[in-house]
Every structure is written in structure tokens, then in C-alpha cells.
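Colleague: I have a structure open and would like to go through some of its features. Can we take it one topic at a time?

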Amino acid sequence: MKKILSIIFLLSSLLTVAQETSYKKRVLESTEIDALFSYYNQDGEHAAVTGGEGSEELDNSTATLLVRLPINEDDVLTVDVGISAYSSASSSNINPLDGDFTTTVSPYIASSGASQSDVLTHVAPSYQHSSDDRNKIWNVNTYFSKEYDYSSIGFGVGYSYLFNEKNTELSANIKVYLDTWNPQYPVELNSGFFDSRIEGEGTYSPNFIAFDNENRNTYSLSLGFSQILSKRLQGSISVDLVTQNGLLSTSFQRVYFADVDDFFIDDFQLADDVEQLPDSRFKLPIGGRLNYYLNDTFIVKSYYRYYTDDWGISAHTASVEVPVKLGSLFTLYPNYRFYTQSASEHFNAKEVAFSTLEYYTSDYDLSKFNAHQYGLGIRYKDIFTTAKLLTFGLKTIDFRFSKYDRNDGLDSYIFSFGTTFVR
């Protein structure tokens, strides 16, 4: 009898261990692949490349592949790779003289030169580890990107802690980006420049000095707090502390002074200088989210953020999205976003700044403005992945459209399309 009881006890113990092992829930059950595509178009009349006056027309197409691989029950490897290609009337005027010489040179006409287009590529691998009880999550990540005049290397670490039966979450993330410029200056500021078509009083001889620092470093600390407040209500608060140093000016953005004579080639005004901004900047965004579950059909997602920095800008962002479920497979995502900001103390419109100032820019991204964004999306989601592509099941399809309008004349729209496959 004792032998039988011992055997039963041993078998029970082994069964318990086996059950605990076999029923340990994986952080990610299977490989997931996201394929994302977007097309962006904008237009406006305050191009920073031409001193706050000129075409801001731009087209950008982006393709991104995001692969999430479960390494074991606790660990997930994510690899994000992408390519972005643009053509820009604005940046083409870094050198407005390398196009068709039969056409009048103008800030509102795109040049056909090499600076008209560029390609940015990026790779961003990350690794996540979760504790056995899934209450502690660690992550490490890296980032690499390259375009013709700019390269970036980044890395970061993060930690999240869930408690109060997973109703409360605290998180902290640290990121560092070490960037390098290959400065491109307006063609007329390059050494030895001469063009017989220059018109103006006297001799064109700008007091220009190239930047001696080609590095830009960014350090950020992000803190987050999330709380399930009730069965229907969830809220979160986030704070980011961001500091930058190095070359924070953009080397090809022209500035025209009020106290310097004007020189032209056709309708194109030659630069007095390029923008000069401080070599340090501190940013402080503070944001909050509040999501309310109305019923099985409607959810209200609201967001507010306050931003301030030591360049004199303060800004407010408010947005709302109301997902609407259309049956078991489809959801609509109407959304609206409002943004307003004050001007940087270093911003001046064209020919307003004086050459005696230490810092100056005519980049309207640093001016005072208001903006509205309207969007609509639709998602197809099938948790059973009924549709198949080779060995992968189709989990989601997303299509979104957004329209953006700024009161300084800039307007844009973006189409995005994404799919998620699982195996």
C-alpha cells in the first residue's frame, strides 16, 4: 500500500511539473510579420531651403518590414528594416543652377539636380525578455540609418513593471542617438562660386563660415505610468526628458537679412547665410491618454500633450479617435488631431533678422502656427487567420488616410497600408 501511494504521489508530482511546464504561456506564440507601405505628399510656400519663401512640394514613399520572432517562452527578437525614397522641389534648390538652363531660376521651380531626391534606409533590431510571471519586461534596442547627407546610430534599454494584478504599469526607457552630418551648403556659398548672371548692387560676397562640428547627439529618458481605472476606463501619463547637442542647424537652409543687399540670379535670391541655431536644446513633452469603452461597438481614445523647450517653443496637442466595430472582422477608425505652437525666439521671416544676431532661422517649422489633421482608417482582423499566404496566415489588414492643414499654407496627406501575417 505504501509503495502504491508513493507511486501515485510521484506520478502526481511529475504530472504537476509537466502541466506547469506545458501551460506556461509564451510571450509571443508564433512568428509575426508586418508589411507596411505609405505614400506622403505635401505642398506649401515657405520652404526653409530658400529662406522661408518657395515651394515645399515633396513626395515620399516608404516600405517597412517588421519581423517578430519568439526565441523561447520568455524572449522575443524584433527586426525592423525599411527604405524611404523622396523627391523634393525644396531640397532640389540647394543647387538651383544644375537643372535646365533654358528655364528661369526660381524658388518656386524645382531643379532637376542630384539634391532633388534621396533614399533613406534603416535597420532597427530589438530584444525583449519577460519574467516568468510576466510582470517584469526588459528590452534592448539598436538603430542604424543612412541617407546621402546624414547617418545615425542609436541604442537603448527599457524596463516595465506590472503590479496590482497587472492593472498598473510603470515603465522607463533610455535612448541615445549619435548622428553625423555630411553638410551640404547652398551652391552660392561654396568656395570659388561664380556666375555671370548675378545681379545686385556691388559684389556678392557673403560673410559665410562652414560649420566645424558635424555631429549631433540626442539623449532621452522616457517615463510612463498606466492604470486601469475601471472596467471601462484606462489612463496613462508619459514624460520625456530630451537633450540634444552638436550641429542642430540644417546646413542648406538659407537666411536673408534685413541689413544686407540683395543679389539674384533670375528670380532666385542668393543666400546671405545659412541658419544658425544654438548647439544645445532641451525638450520636455508631457502627455496623457484616456480610453473609454462605451460598448461593444464604440471606444473613445483621447490624447493630450504639452511640449516646451529652451528655444522658446511651447505647444499643445489634442486628439481623439473613435474605433467603431463593424461586425466581428472590421473596425473603422475616424480620428482628429489639433496642434498649436508658439514661435521659437530664433525664428524670423525672410529679410526680418539682422546680421548682428547670434542665432537666426527662417524655418517655418519653428514659427507660430496651428494645424488640423483629419483621418479615417479601416481594419480587417481575423484571429483565426482563415486566409493563407504560403505557410502564413493573414491576421490583419489596415488602410488609413490622413489630411493635414497648417494655417501658414502647408498642407499634406498620407496613405498607409499594412498587413500582419502569422505562422
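Predicted model: local features only at pLDDT ≥ 70, side-chain atom pairs only at ≥ 80, totals over all residues.

Colleague: Let's begin with charges. How many salt bridges does a search of the whole structure find?

Modeller: The search finds 14 salt bridges. Side chains of opposite charge can pair when their charged atoms come close.

Colleague: Which residues are linked in a network of salt bridges?

Modeller: Glu32, Asp34, Arg68 and Lys395 are linked in such a network. One of its pairs is Arg68 with Glu32, where the closest N and O atoms are 2.7 Å apart.

Colleague: Is Glu32 buried or exposed?

Modeller: Buried, because its relative accessible area is 13% and the cut-off for buried is under 20%. Lys395 has a relative accessible area of 24%, so it counts as partly exposed.

Colleague: Which residue forms a salt bridge with Asp408?

Modeller: Arg406 does, with the closest N and O atoms 3.0 Å apart. Asp408 counts as buried at 12% relative accessibility, and Arg406 counts as buried at 8%.

Colleague: New topic: strands. How do S2 and S3 pair?

Modeller: Strand S2 (residues 58–70) and strand S3 (residues 75–88) pair in the antiparallel sense over 13 bridges. They form a hairpin, with four residues between them.

Colleague: Which strand is joined to S3 by 13 bridges and has residues 117–130?

Modeller: That is strand S4, and S3 and S4 run antiparallel. Thr78 stands opposite Ser126 in S4. As a general point, side chains in a regular strand alternate between the two faces of the sheet.

Colleague: How many bridges join S8 to S12?

Modeller: Two bridges join S8 to strand S12 (residues 263–265). In one of the pairings, Glu199 has Phe264 in S12 as its bridge partner.

Colleague: Where is Gln269, and is it buried or exposed?

Modeller: Gln269 is in strand S13. At 4% relative accessibility, Gln269 counts as buried. Its side chain makes a polar contact of 3.2 Å with the side chain of Asp262.

Colleague: What else is Gln269 in contact with?

Modeller: Leaving aside neighbours within four places in sequence, the contacts of Gln269 include Glu188, Tyr256, Phe263, Phe264, Lys350 and Glu351.

Colleague: Now Tyr143. Which strand does Tyr143 lie in?

Modeller: Tyr143 lies in strand S5 (residues 136–147). Its relative accessible area is 23%, so Tyr143 is partly exposed. The side chains of Tyr143 and Ser145 are joined by a polar contact of 3.5 Å.

Colleague: What does Tyr143 touch beyond four places away in sequence?

Modeller: Tyr143 touches His122, Val123, Ala124, Ser152, Ile153, Gly154 and Tyr177. Tyr143 and Tyr177 are 34 residues apart in sequence, and their C-alpha atoms are 8.3 Å apart in space.

Colleague: Last topic, the surface. Which residues make the nonpolar patch?

Modeller: The patch, of about 750 Å², is made by Phe37, Tyr39, Leu326, Leu329, Phe330, Ile378, Phe399, Phe415 and Phe417. The elements that give two or more residues to the patch are strand S1 (32–43) and strand S23 (411–422).

Colleague: Where is Phe399 found?

Modeller: Phe399 is found in strand S22 (residues 392–406). With a relative accessible area of 38%, Phe399 is partly exposed. A patch residue needs over 30%.

Methods
Residues numbered from 1 in each chain as written. Heavy atoms only, no water. Patch = residues over 30% accessible without salt bridge, like charges linked within 9 Å, V, L, I, M, F, W, Y side chains within 5 Å. Areas by Shrake-Rupley, 256 points an atom, 1.4 Å probe, with all protein chains shown as cover. Salt bridge = Lys/Arg side-chain N within 4 Å of Asp/Glu carboxyl O. Buried < 20%, exposed > 50% of the residue type's maximum accessible area, 1.4 Å probe, protein only. Pairing = 2+ DSSP bridges. Contact = heavy atoms within 4.5 Å. Polar contact = N/O pair within 3.5 Å; in protein donor to acceptor, adjacent residues only side chain to side chain.
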